[in-house]
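Thanks, everyone. Please have the structure open.

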Amino acid sequence: MNATIAQTGSTPDAKNRRPLRQWWKIWKLPIGVQSLIAVGLGALIGSLAPTVGEQLKLAGDVFLNMVQMVVVPLVFPLIVLGIARMESVKKVGRMAGKAILYFEVVTTIVLVMAVALAKAVDIGTGAPVANADGASVEKLEQGIDFHELILHAVPKNVFAAFAEGNLLAVIVFAIFIGIALAAIGEQSKPMTNVLDSLATAMFKVVGYVIRFAPIGVLGFISYDVAHYGFGNLSSLLGFIAVVYAGLAIVLGVIFPTIAAIYRVKYVTMLKAIGNLVGLAFVTRSSEAVLAPLLVKLEGLGISRSTTSFVVPLGYSFNTDGSVLYQAVALVFLANAYGTDTSIPTLLLMVGVLVILSKGMAGVASASIVVLIAAGSTIGLPPEGVAMLLGVDFIVDMARTAVNVVGNSLAAAVIDKSEEKATAKAERKAAAGITTERGEESARSAVATDPQSNSRQPV
């Protein structure tokens, strides 16, 4: 026995412990790899043990709660600091104007492309809308109030906005605080120091939370497969295919074109944020990657003042993947019900979605709420949306991932634009200094030239 130990260098107990040590190494893998493993394991549990899969939803909900726990206390100081540290309040307005204009233009382009694609393939014709269950969307329909959505952007109680996690209201309040701190100058330093420390601490907390992402992914996938299944999806495969094709066009054509115009290294950006895009894909929540996304974008050379302002704002106003889904879904339902799909109606649809999609939170399945509201404006019964609920989790993963890429690109574009504006201002200032110096030199030359005394003004 001793000879055996001497030759092998291990005991039988040590051999039995090796698999455990090998299994433990999985936690040393990158988060993206762990999440992919969790996807496969979750799908297996959801299909083979549906009861267990539905119970595992708790793990996903706990993870999302942990993420949402840090979003507001991180976003608030970042936006305030980003604005307070800008050279002037004028720059805040300029950046906000550029961001809103960019969001509107890109969103409209995506919507027009999505409607044209859905119309071209005549998606939804012959779909079994009679099987829709209106009861399953009753709660969502009751929760829609466009006027309330606008009012929530301006909080009457900022503490309630923080407590409720109303991100849009928090952004509005943070903008006012940031402008105020920028206006008071040196007096703002104690406040900015506190907020800087808070932001640094929250980044650390986010690092701890992200370590639990694979467990959350396992819970989400297990529940989705167990609860929805895949047997009732055959009639909606065409809808899923069109949505994914449209999202592929956005990622492979529209975004690269925009990046080329502004000389943004699109492929490099995708490589840097790839793991986070994958995490957003499986969790179906762009908020889950907000904090680490800001860090990644800063690592690409984008200024913190730009990322902390544009990306959170884009989470409410720049949901490219979501609006594409909504456009395809409305055309699908219009064809399924045999309603009007003429050019004027489709243009009205695009206009309504451009408005309604703004202020939509980056949470799972939020597009369904906007879809019901938009559908009602063009005469579609809300019951029809119920038939899409069974596949919503499939398309929600892809549209959420596209939202993350779209907001990352937006930050890069706005930052490039700000660099050009700053360089132009510096050149203008330098030219002014040069001109002033030239005039002073000319006056000095005239004053010292004896032959020019007769021309000097009295």
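Glu298 has a relative accessibility of 26%, so Glu298 counts as partly exposed; buried means under 20% relative accessible area, exposed over 50%, and partly exposed in between, with a 1.4 Å probe and protein chains only. This is a predicted model, in which local features need pLDDT of at least 70, side-chain atom pairs count only at pLDDT 80 or more, and totals for chains, interfaces and linings use all residues. Residues are numbered from 1 along each chain as its sequence is written, and side-chain values use heavy atoms, with hydrogens and water left out.

Glu298 pairs with Arg304 in a salt bridge, with 3.0 Å between the closest N and O atoms. The term requires a side-chain nitrogen of Lys or Arg within 4 Å of a carboxyl oxygen of Asp or Glu. Arg304, at a relative accessible area of 31%, is partly exposed.

How many salt bridges does a search of the whole structure find? The search gives five.

Another one joins the side chains of Glu186 and Lys189, at 3.2 Å from N to O. Here Glu186 is exposed, because its relative accessibility is 58%. Lys189 is at 46%, so Lys189 counts as partly exposed.

Then there is Asp396 with Arg399, whose side chains meet in a salt bridge at 2.9 Å, N to O. Are these two buried or exposed? Both Asp396 and Arg399 are buried. They sit three residues apart in helix H20, residues 386–448, which is about one turn of the helix. Helices here are DSSP runs of H or I, at least four residues, numbered from the N terminus.

Conventions. Helix = DSSP H or I, 4+ residues; strand = E, 2+ residues; numbered from the N terminus.
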